[in-house]
Amino acid sequence: MKNNVFNILKKELREMFRDKKSLSMMLVIPIFIPLLVIGMSALFESQMNMPVTDYNTIGFNYELDTVEQSIIEELEINPVYDTEENLKEKFDNGEIDLYVTRNNTVYTINGDDSDTTTYASTLVESYFNAYKDYLQTDYLVNHNVDPSMVMNIITLEENIIAEDNFFASYVTNYAFFFIIMAITVSATYPATDATAGEKERGTLETLLTFPIKSKDIIIGKFLSVTLSSIITGVLSLILAIISLKIANNMFSIYEGMDLMLPASSLIFALIVILAYSLLISGLCIAIASKSKTFKEAQSALTPLTFISFFPGMIAFMIGITTTNVYACIPFLNYTLIFTDITSGNINFVHILLMLVSTIIIIAVVLKIIIKQYKSERVLFG
């Protein structure tokens, strides 16, 4: 049995490494991970360090008094005075970043939900807070009230424990999402070629005539696809670590942070990648085995690429935390556990549940495929 499995594995690997498309899926796709990490970091950096001149042109439909003018000068606001109708037109044309209208003592900040308007709105709110403090202080003084007794009636202190850098967590987890996607793409092509491809070429029929058990054939094919996925996953992780190190030194948003994972976290990250590679390889072979042609198998496997990382992405965006139940749910568990690993919260129970659930699913999937290969339906559908 071992010799048969090894021979099938050797055959599949030989064909895989001879096929340029299989090699490109395995080795080229991970190269996009550094582009993702550096690109996202550059985007975050540009948003955080946007110069004030990019959002400081503010329209007013009323004249500012001397105090207001001194405040806007201090905040580097560039005022534009005009009627409300003209200001709206200028805003729509991009000539101003937002505009303020006044109706007696009611001031309205007008804009949209763009990033520039958000920064401009924060700047204008700072201006109004400063102006409101001045008016309140002036009112109290005119009524013979010590402003410090009213304005500082309470003392506020902060004792907030610093959490991980938001951008660091974001870019690290999205790098893992891309690793998941790279592994999935890497598994689909060799799985398709080893099943539907051989069926279409007629070589599978010849292979089944040999004195080799269906079990040995499936396990050999499964191991070859798994090996391809693991190579892609490990290469992707290495490139992700390198790109995170480069980004850590290149961008100021990570100042004071260390994006590098400790050795223990890297080991557990490899375990997650290994478990996912096993699962996705088994699922790809199971789905592709049902197809009669290579093209049909590729179409059937396409949704799997999206299913593989969407649950984890949604969980990360809405802040779902790992539980014993979630640790058993395919696709979702890998992302949640990896997020815990990167944040230093390594839970051995969750990792064990992930491994056990993965093994059970793979065993069931392989049993179904082996049963299929014992029937002529695998050839003639």
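What share of the 381 residues in the protein is made up of buried residues? Buried residues make up 44% of them, where buried means under 20% relative accessible area, exposed over 50% and partly exposed in between, with a 1.4 Å probe and protein chains only. The model is predicted, so local features need pLDDT of at least 70 and side-chain atom pairs count only at pLDDT 80 or more, whereas totals for chains, interfaces and linings use all residues. Residues are numbered from 1 along each chain as its sequence is written, and side-chain values use heavy atoms, with hydrogens and water left out.

**View 1. Overall form of the protein.** The protein contains 15 helices and four strands, which are DSSP runs numbered from the N terminus (helices H or I, at least four residues; strands E, at least two). Its C-alpha trace spans about 105 × 45 × 35 Å along the principal axes. The radius of gyration is 30 Å, while a compact globule of 381 residues would have one near 21 Å; the radius is taken over C-alpha atoms, and the globule rule is 2.2 Å times the number of residues to the power 0.38.

**View 2. The nonpolar cores.** A nonpolar core is a set of buried Ala, Val, Leu, Ile, Met, Phe, Trp, Tyr and Cys residues joined through side-chain atoms within 4.5 Å. In the largest core, which has 63 residues, Tyr254 and Ile280 touch the most other members. Helices that each supply at least two residues of this core include α3 (32-48), α11 (263-289) and α14 (348-373), and α8 gives the most, with 16 residues. Another core, of 22 residues, lies apart from it and has Phe60, Ile77, Phe91 and Tyr131 among its members.

View 3. Val234, Ile238, Ile242, Ile246, Met250 and Leu270 make a nonpolar surface patch of about 490 Å². Patches are made of residues with over 30% relative accessible area and no salt bridge, like charges being joined within 9 Å and nonpolar side chains (Val, Leu, Ile, Met, Phe, Trp, Tyr) within 5 Å; a salt bridge is a side-chain nitrogen of Lys or Arg within 4 Å of a carboxyl oxygen of Asp or Glu. Areas come from the Shrake-Rupley method with a 1.4 Å probe, and for residues only the protein chains shown count as cover. Helix α10 (residues 214-250) gives the largest share of the patch, five residues. Isoleucine 246 counts as partly exposed because its relative accessibility is 40%.

**View 4. Helix α13 and the residue after it.** Nine of the 11 residues of α13 are buried, among them Tyr334, Phe338 and Asp340. Just after α13, glycine 344 takes a positive phi of about 85 degrees.
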